[in-house]
Amino acid sequence: MIRKLKAARSRDRRLAVGDEQKILDGCNPEMQAFVILAIETAMRRGELHGLKRSGIKGRLAYLPDTKNGTCHAVIYPCAGGYC
């Protein structure tokens with residue numbers, strides 16, 4: 001039996017002007033770095049929590065187990081003088 005492929009369920013959501021600042025204003029200082037990394041890399045909460053030092057090389061973070069079952073690498077931006 002041949003089955004029709006399912007359509008991709010991807011989303012394309014962007015923050016509106018001012019949204020990022022509103023989110024950061026609601027965060028304590030420790031959480032702000034975590035939120036900025038999430039916004040800049042589009043990584044999911046579980047992916048961020050699953051990061052290990054052994055999977056980070058320079059500005060490249062290797063994600064071996066993602067929500068959709070694939071592995072991939074994410075380049076994260078320089079911020080606050082850290083690269």
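This is a predicted model: local features need pLDDT of at least 70, side-chain atom pairs count only at pLDDT 80 or more; totals for chains, interfaces and linings use all residues.

**Entry 1: the sheet.** I began with β1 and β2 (residues 60–63), which pair in the antiparallel sense over two bridges. Then I traced the whole sheet: it is open, has three strands in the order β1-β2-β3, and its pairing is antiparallel. Which strands sit at the edges? I found β1 (56–57) and β3 there, each pairing on one side only.

**Entry 2: the largest pocket.** Next I asked how much space lies in the largest pocket. The computed value is about 1,100 Å³. I counted 24 residues in its lining, and Arg-11, Arg-13, Ala-42, Met-43 and Arg-44 are the ones that lie nearest the centre. Sorted by class, the lining has 10 nonpolar, nine charged and five polar residues.

I also wanted to know which elements supply the lining with at least two residues each. They are α2 (29–41), α3 (45–49) and β3 (72–75). The largest share belongs to α2, with five residues.

**Entry 3: Ala-42.** I came back to this residue, as it is among those nearest the pocket centre. Ala-42 lies in the loop between α2 and α3. Is Ala-42 buried or exposed? Its relative accessibility is 65%, so it counts as exposed, the cut-off being over 50%.

**Entry 4: Ile-36.** I moved back into helix α2, where Ile-36 is found. Its relative accessible area is 30%, so I wrote it down as partly exposed. I then checked Ile-36 against Glu-20, 16 residues apart from it along the chain, and their C-alpha atoms are separated by 8.6 Å.

**Entry 5: the cysteines.** Last, I looked at two cysteines, Cys-27 and Cys-71. Cys-27 has a relative accessible area of 18%, and I noted it as buried because that is under 20%. Cys-71, at 45%, is partly exposed. How many disulfides does the model have? With sulfur atoms required to be within 2.5 Å, the count comes to zero.

Technical notes
Residues are numbered from 1 along each chain as its sequence is written. Side-chain values use heavy atoms; hydrogens and water are left out. On a 1 Å grid over the protein atoms alone, a cavity is a set of points where a 1.4 Å probe fits but cannot get out, and a pocket is an open set with protein on both sides within 12 Å along at least five of seven lines; lining residues have an atom within 4 Å of a point. Grid points are joined across faces, edges and corners, and a volume is the space filled by probe spheres set on the points. Helices (H or I, at least four residues) and strands (E, at least two) are DSSP runs, numbered from the N terminus. Ala, Val, Leu, Ile, Met, Phe, Trp, Tyr, Cys and Pro count as nonpolar, Asp, Glu, Lys and Arg as charged, and the others, Gly among them, as polar. Buried means under 20% relative accessible area, exposed over 50%, partly exposed in between (1.4 Å probe, protein chains only). Two strands pair if DSSP finds at least two bridges between them.
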